[in-house]
Protein chains: 2
Amino acid sequence: MDALESLQQSVGYHFREQPLLLQALTHRSAGARHNERLEFLGDAALNFVVAAKLFARFPKVSEGDLSRMRARLVREETLAEIAGKIALADSLILGPGEIRSGGARRDSIRADALEAVIGAAFLDGGFSAAERIVAQLVEPLMTDDLGGEELRDPKTRLQEFLQGQGRPVPVYTLVAEKGQAHERRFVARCSVPGAEATEAEDGSRRKAEQQAAALMLVQLQVAVRG
Amino acid sequence: MDALESLQQSVGYHFREQPLLLQALTHRSAGARHNERLEFLGDAALNFVVAAKLFARFPKVSEGDLSRMRARLVREETLAEIAGKIALADSLILGPGEIRSGGARRDSIRADALEAVIGAAFLDGGFSAAERIVAQLVEPLMTDDLGGEELRDPKTRLQEFLQGQGRPVPVYTLVAEKGQAHERRFVARCSVPGAEATEAEDGSRRKAEQQAAALMLVQLQVAVRG
C-alpha cells in the first residue's frame, strides 16, 4: 500500500478528489499549489469541531475551561504528535531546500499539513468529512484528565499545595466592596502564615477569592523554586 | 408578532427547541442557564463558517489576507452592529443590574448573544443551521472592498502616499543576501528622498521589499501626523 493510501486509512477519510489531498500535503516551498489557504480553512474547521465535541462531552465545564482544553488539543505540539502517529511526513511534498534541511521533521510543517488535510476534507466531503477526521484523530485525546492541573480551581490547588508542605490552610477575607448594587466589585484577600497576603478584585466574590488564591500560589511556588 | 418570532425571521432560522434559543439570549447576570457555553460554541462555528465562505468567495486571496478579512467580520463591533440591525436587544434576557445599567446596549453583550444564537442553532439544527444564519447575516458584508486599504500591498500604498504629497517615488535596493541556497534571506532597503531609509529582511526578496515599504509608510505617516 502506498503512503497516500495508508494516510487516508489513518485519518479515517478517503478523498474523492486526490489532487485536493495532494495540495493539502504540499508545503509552500514545493510550488504554487501549496497548502496555506487549506491550512487556514482546516484550522478553523478543527477549532470548531473540537469545540463542538468538547461542548458535548463536558456538559458542566465552563466556557473558559473548554477554551483551555481546546487550546491544548489544537496546539502545534499536539498536532505534530498526531501527524507523527499517522506518518504524515511520508506523504509530505516539500521543496528541495526543505527536504535537505529536514523540513518533514519540523513540528510546524507537520501540524500545518494536518490542518490543511482537514480543510481539504471539508471541501471534498463537506462538514461530516472534517468531523470524521477529527473524531478519528483528536477525539481519543478528549479524556477526563484533559483539563489537568490548570483546570482545577486555584483555591483547591493552593490548599493541596500547603497541605503538601505541612502548612496551615489559607484564610480568605473580604476587604472591600465597591460600586453600586448592579456593578458591585469585591476585593478578596488570601492570607497564609509566613507569606505576604495577596488581594484580587472581581465582580464576583468567589472569583476574587480564586484570583487571590492564584496569586498566592504563584508567590509560594516562586519561593519554593528560588 | 413577538420579538422572539421576529428575531428568528431576521436570522433566517426557526428553532425547533425554543428553550435553546432562550438560553442563547440569556446573559449570565440573569441566571444559571446563561449563554456563555453557547457563546464559546457559536464563536467557533462563526469563525469556521466565515472562513469557509471567504475561502470560496476569494479564491486568489492569501491565507494571511483571508485571516484579516475574517477578523474584520467577526470582531465585536461588527457583530454588535448586526445585532443592532436585527433588534436582538429586544429579546435579550438580562439580570436586574444589567437592565438598570443599560446592558442591552453594550456591544459585548449583544455580540456575545449573537454568537450564542449561532451556537444554539448548530445544536438545534446541525451545521447547516449555523451556516444559514451566517449566510443571512454575515455573508452580505463579504464585499469586494472588504479587504480595503490594509489588504493592498505596502509598495502600492507607499507609492500612492508619496504621489499624493507630490514627492518622488521610492527606490528599492537589495543590500544583503544571507544564508545558504535553501534558506536564503534577503535584506531590502527602501529609500525616499528626505526620509531615513528603512530596511527589512525576509526569505523572499519581494516580501522584504514590501516590509521595508510598510516601515517607510509608518515612518512618513507618523511624520505627517507629528
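**The contact between chain A and chain B**

Student: How many residues does the contact take from chain A and from chain B?

Tutor: The model is a predicted one. A residue counts here if its heavy atoms lie within 4.5 Å of the other chain. On that basis, the contact takes from chain A 30 residues and from chain B 30 residues.

Student: Which residues of chain A lose the most area to chain B?

Tutor: Between them, chain A and chain B bury about 2,800 Å², and 70% of this lies on carbon and sulfur atoms. Three residues together account for 30% of what the side of chain A buries: A:Arg37, A:Phe40 and A:Phe55.

Student: How many salt bridges does the rule find across the interface?

Tutor: The side of chain A that touches chain B has 16 nonpolar, 6 polar and 8 charged residues. Across the interface, 6 residue pairs are in polar contact, both residues being at pLDDT 80 or more. For salt bridges, the number found by the rule is 0.

Student: Which helix of chain A gives the most to the side that touches chain B?

Tutor: At least two residues of that side come from each of helix 3 (36-57), helix 4 (63-74), helix 6 (96-100) and helix 7 (107-125) of chain A. The one that gives the most, with 12 residues, is helix 3.

How values were computed
Residues are numbered from 1 along each chain as its sequence is written. Chains are lettered from A and ligands numbered from 1 in the order in which they are written. This is a predicted model: local features need pLDDT of at least 70, side-chain atom pairs count only at pLDDT 80 or more; totals for chains, interfaces and linings use all residues. Side-chain values use heavy atoms; hydrogens and water are left out. Buried area is the accessible area (1.4 Å probe) that two parts lose on being put together, summed over both. A salt bridge is a side-chain nitrogen of Lys or Arg within 4 Å of a carboxyl oxygen of Asp or Glu. A polar contact is a pair of N or O atoms within 3.5 Å; within protein, one must be able to donate a hydrogen and the other to accept it, and residues adjacent in sequence count only if both atoms are side-chain atoms. Helices (H or I, at least four residues) and strands (E, at least two) are DSSP runs, numbered from the N terminus. Ala, Val, Leu, Ile, Met, Phe, Trp, Tyr, Cys and Pro count as nonpolar, Asp, Glu, Lys and Arg as charged, and the others, Gly among them, as polar.
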